[in-house]
Amino acid sequence: MTPKKENIIADKSFKFALSIIHLFKQLIKEENEFILSKQLIRSGTSIGANIQEATAAQSKKDFIHKMSIASKEARETKYWLRLINESNVTKIDVSSYLIEIEHIINIITKIIITSNKSR
């Protein structure tokens with residue numbers, strides 16, 4: 001049996017989604033914050049879902065399309081995190097999430113650029 005090939009962005013986005021779920025629970029429980037947190041959990045967990053769909057793409061065009069959706073979701077997630085951070089709706093520090101989403105955006109962007117070049 002061949003060992004499973006490591007997919008860094010799939011793993012990274014999955015771990016990020018788990019951390020977003022934890023943050024969501026924290027925002028609800030500790031801060032009673034429902035509006036921004038609901039937006040955040042939707043976009044933050046859909047990044048990895050779209051990356052998973054991309055791994056099963058039927059063509060290079062389909063792969064790029066799914067990765068582009070993941071990129072949009074990542075950028076939306078960054079927006080919600082910035083709003084949470086700068087609006088003072090919570091005392092929870094989200095700076096580590098902002099750093100991680102920036103890494104994810106950069107990786108997805110490089111994947112899309114590389115995939116477009118090899119079309």
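N85 is in contact (heavy atoms within 4.5 Å) with V94 and L98, leaving aside its neighbours within four places in sequence. The model is a predicted one: local features need pLDDT of at least 70, side-chain atom pairs count only at pLDDT 80 or more, and totals for chains, interfaces and linings use all residues. Residues are numbered from 1 along each chain as its sequence is written, and side-chain values use heavy atoms, with hydrogens and water left out.

N85 lies in helix α3. Helices here are DSSP runs of H or I with at least four residues, numbered from the N terminus. N85 has a relative accessibility of 34% and counts as partly exposed. The classes are buried (under 20% relative accessible area), exposed (over 50%) and partly exposed (in between), with a 1.4 Å probe and protein chains only.

The largest nonpolar core has 27 residues. Such a core is a set of buried Ala, Val, Leu, Ile, Met, Phe, Trp, Tyr and Cys residues joined through side-chain atoms within 4.5 Å. L23, I47, L81 and I108 have the most contacts inside this core. Two or more residues come from each of α1 (8-31), α2 (35-55), α3 (60-87) and α4 (95-117). Beyond four places in sequence, L81 is in contact with F16, L23, L40, V94, Y97, L98 and I101.

Helix α1 has 24 residues. Its first and last C-alpha atoms are 33 Å apart, close to the 34 Å expected at 1.5 Å a residue. The expected span is 1.5 Å times one less than the number of residues in the helix. The buried residues of α1 are I9, A10, S13, F16, A17, I20, L23 and L27. Their cover includes α2, α3 and α4. N32 follows α1 and has a positive phi, near 55°.

Helix α4 has 23 residues, which should span 33 Å at 1.5 Å a residue. The end C-alpha atoms of α4 are 33 Å apart, in agreement. Its buried residues are Y97, L98, I101, I104, I105, I108, I112 and S115. The cover over these residues includes α1, α2 and α3.

T90 lies in the loop between α3 and α4. It is buried, with a relative accessible area of 10%. The side chain of T90 reaches the backbone nitrogen of I92 at 3.0 Å. This is a polar contact (a pair of N or O atoms within 3.5 Å; within protein, one must be able to donate a hydrogen and the other to accept it, and residues adjacent in sequence count only if both atoms are side-chain atoms). Not counting residues up to four places away in sequence, T90 touches L27, E31 and I84.

S43 is found in helix α2. Its relative accessibility is 1%, so S43 counts as buried. A polar atom of the S43 side chain lies 3.4 Å from the backbone oxygen of L40. Beyond four places in sequence, S43 is in contact with E73, E76, T77 and W80.

W80 also takes part in an aromatic pair, with Y79. The structure holds 1 aromatic pair. Rings of Phe, Tyr and Trp (its six-membered ring) pair if their centres lie within 6.5 Å; planes under 30 degrees apart count as stacked, over 60 as edge-to-face and the rest as tilted. Y79 and W80 are edge-to-face, at 5.2 Å centre to centre and 75° between the planes. Y79 is partly exposed, at 45% relative accessible area. W80 is buried, at 15%.

The structure holds 4 salt bridges (a side-chain nitrogen of Lys or Arg within 4 Å of a carboxyl oxygen of Asp or Glu). One joins E100 and K12 at 3.2 Å, N to O. This pair links distant parts of the chain, with E100 in α4 and K12 in α1, 88 residues apart. E100 is partly exposed at 23% relative accessibility, and K12 is partly exposed at 26%. Another salt bridge joins E53 and K66 at 2.9 Å, N to O. E53 lies in α2 and K66 in α3, so the pair ties together parts that are 13 residues apart in sequence. E53 is partly exposed, at 41%.

E86 and R82 also form a salt bridge, at 3.8 Å, N to O. Both residues lie in α3, 4 residues apart, about one turn of the helix. E86 counts as exposed at 54% relative accessibility, whereas R82 is partly exposed at 43%.
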